[in-house]
Amino acid sequence: GTTIAYENVKRMGGELRVDSTPRKGTVFWFELRLPLAPAGASPARPSASAEEAVPVVRGRRILVADDHPVNLRLLQEMLGKDGHEVTAVHSGEEALRALSASDFDAVFLDFNMADIDGARVFQLYRFGRVKTAPTYFITADTSEQTARKLLDTGASGLIHKPITFQKLRMALASNPDAGPVTLSNEAPVELAAVPAEPRGAAGGSAGALKLVPPEYISPDAIDNLRDVNPSRRFLEAMLGDAISDIEKLVEQLARDVEAGDVEAVRHAAHSLKGVCLNVGAVRLAATAGRLMNASTSEVRASQHAWLREVRELSTHSVLALGALLDEPDLAADEGR
């Protein structure tokens with residue numbers, strides 16, 4: 001029962017903790033930070049047919065920009081599957097060149113590109129054009145502050161990672177004149193946390209429970225990748241790119257921690273979260289998300305604890321992704 005409770009609390013973004021005093025008793029507790037539902041909102045989840053109800057627009061000329069191969073490859077495959085003509089670029093500078101040279105029906109820009117972020121790309125694009133294509137930002141940052149910043153640019157909408165067919169299709173089917181849309185997760189999942197300081201009663205010994213987590217990679221995310229393209233070649237490329245990106249971003253994060261550059265730490269954590277979400281490395285994604293939203297004082301006070309947590313989770317996540325690559329039945333249908 002404790003194991004089940006531990007995992008359920010983790011999946012909701014909290015941490016089950018224990019305060020125990022011999023011969024006096026034991027208290028278990030957790031804290032959760034949850035969004036408030038709008039007044040009158042129904043608690044019922046969308047039906048399984050919700051995605052099928054989204055109209056599928058086909059044959060658009062679309063530009064996608066992202067500086068991480070795993071994200072870019074996924075967008076190309078998903079949009080290509082719906083019959084779109086996709087131009088894919090790896091940086092903000094390449095995006096600006098493509099936008100100046102060609103006309104597009106829609107544009108998807110990663111917000112967190114290293115050279116020129118998506119918001120700046122869109123501002124320069126609008127400055128140089130009388131009429132711009134509907135443009136959507138893609139980001140792993142789900143904070144209200146970032147959402148306001150991006151939507152205030154005049155873009156058509158905001159898409160939160162992980163990317164799904166439903167989010168892309170809803171964006172392409174939406175009416176730009178009706179105002180910006182925000183396409184987010186149905187139920188954000190946070191599965192890991194940096195260990196907090198003990199908070200127990202006097203005389204007790206409080207601390208986080210230490211259990212071996214049952215998974216580092218979400219099976220649902222791997223199934224989603226198979227839905228996008230069931231061939232082994234695609235899955236090997238996606239998982240291989242993810243392993244490479246995770247290792248590079250963790251090392252970049254380590255350098256930024258040693259340099260004491262908090263903004264660079266947040267930038268690397270943002271990129272890491274986005275890559276992890278798209279391949280289902282949910283535990284590492286959750287820790288990266290907490291790090292990117294931590295205050296400057298929190299980062300500086302516990303930066304080495306953060307780094308140890310990220311390194312440990314990245315090691316397990318990379319091993320789990322590598323094990324998937326070794327599975328003989330990785331592809332759902334080798335012939336497709």
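This is a predicted model: local features need pLDDT of at least 70, side-chain atom pairs count only at pLDDT 80 or more; totals for chains, interfaces and linings use all residues.

Trainee: Okay. And what is the bridge partner of Leu 63 in β4?

Mentor: Thr 87 in β4 is the partner of Leu 63.

Trainee: In which sense do β3 and β4 pair, and over how many bridges?

Mentor: Parallel, over five bridges. Strand β3 covers residues 61-65.

Trainee: Is β3 mostly covered or mostly open?

Mentor: Mostly covered. Four of the five residues in β3 are buried.

Trainee: Zoom out. What is the strand order in the sheet?

Mentor: The order is β4-β3-β5-β6-β7-β8. That is six strands in an open sheet, with parallel pairing.

Trainee: Which are the edge strands?

Mentor: β4, residues 85-89, and β8, residues 181-183. Each of those pairs on one side only.

Trainee: What does the twist average from one strand to the next?

Mentor: It averages 15 degrees.

Trainee: Which strands does helix α6 touch?

Mentor: Helix α6, residues 144-151, packs on the sheet and touches β6 (135-139), β7 (157-160) and β8. Its direction makes about 145 degrees with that of β7.

Trainee: Let me pick a residue in that area. Where does Leu 158 lie?

Mentor: Leu 158 lies in strand β7.

Trainee: Is Leu 158 buried or exposed?

Mentor: Buried. The relative accessible area of Leu 158 is 0%, and the cut-off for buried is under 20%.

Trainee: What is Leu 158 in contact with, leaving aside neighbours within four places in sequence?

Mentor: Quite a list. Leaving those neighbours aside, Leu 158 contacts Tyr 136, Phe 137, Thr 139, Ala 147, Leu 150, Leu 151, Val 181, Thr 182 and Leu 183.

Trainee: And how far apart are Leu 158 and Ser 184?

Mentor: They are 26 residues apart in sequence and 8.1 Å apart in space, C-alpha to C-alpha.

Trainee: Switching to helix pairs. At what angle do α3 and α7 pack?

Mentor: About 60 degrees, with the axes 11 Å apart. Helix α3 is residues 69-81 and helix α7 is residues 165-173. The angle makes α3 oblique to α7.

Trainee: Is that crossing left-handed or right-handed?

Mentor: α3 passes α7 in a right-handed crossing.

Trainee: Which residues meet there?

Mentor: From α3, Leu 75, Met 78, Leu 79 and Lys 81. From α7, Phe 165, Leu 168 and Leu 172. By class, the contact of α3 with α7 has six nonpolar residues, no polar ones and one charged.

Trainee: Next pair, α4 and α5. What is their packing angle?

Mentor: About 20 degrees, with axes 10 Å apart. Helix α4 spans residues 92-101 and helix α5 spans residues 118-127. That angle makes α4 roughly parallel to α5, because anything under 35 degrees counts as such.

Trainee: Which residues make the contact?

Mentor: On α4, Gly 92, Ala 95, Leu 96 and Leu 99. On α5, Val 121, Leu 124 and Tyr 125. The residues of the contact between α4 and α5 divide into six nonpolar, one polar and no charged.

Trainee: What is the handedness of the α4 and α5 crossing?

Mentor: Right-handed, as α4 passes α5.

Trainee: Now backbone checks. Where is there a cis peptide bond?

Mentor: Between Lys 161 and Pro 162, with omega about 5 degrees. Pro 162 sits in the loop between β7 and α7.

Trainee: What about phi of Arg 23?

Mentor: It is near 65 degrees, a positive value in a residue other than glycine. Arg 23 lies in the loop between β1 (17-21) and β2 (25-29).

Trainee: Is Arg 23 buried or exposed?

Mentor: Exposed, with a relative accessible area of 87%.

Trainee: Last bit, the overall numbers. How many helices and strands are in the protein chain?

Mentor: The protein chain has 13 helices and nine strands. Of its 336 residues, 47% are buried. Among contacts between residues at least 6 apart in sequence, 68% join residues at least 24 apart.

Definitions and conventions
Residues are numbered from 1 along each chain as its sequence is written. Side-chain values use heavy atoms; hydrogens and water are left out. Two strands pair if DSSP finds at least two bridges between them. Helices (H or I, at least four residues) and strands (E, at least two) are DSSP runs, numbered from the N terminus. Axes are lines fitted to C-alpha atoms, for helices over the stretch in contact, and angles run from 0 to 180 degrees between N-to-C directions. Contact means heavy atoms within 4.5 Å. Angles under 35 degrees count as roughly parallel, over 145 as roughly antiparallel, 65 to 115 as roughly perpendicular and the rest as oblique. A crossing is left-handed if the near helix is turned anticlockwise from the far one by less than a right angle, and right-handed if clockwise. Ala, Val, Leu, Ile, Met, Phe, Trp, Tyr, Cys and Pro count as nonpolar, Asp, Glu, Lys and Arg as charged, and the others, Gly among them, as polar. Buried means under 20% relative accessible area, exposed over 50%, partly exposed in between (1.4 Å probe, protein chains only).
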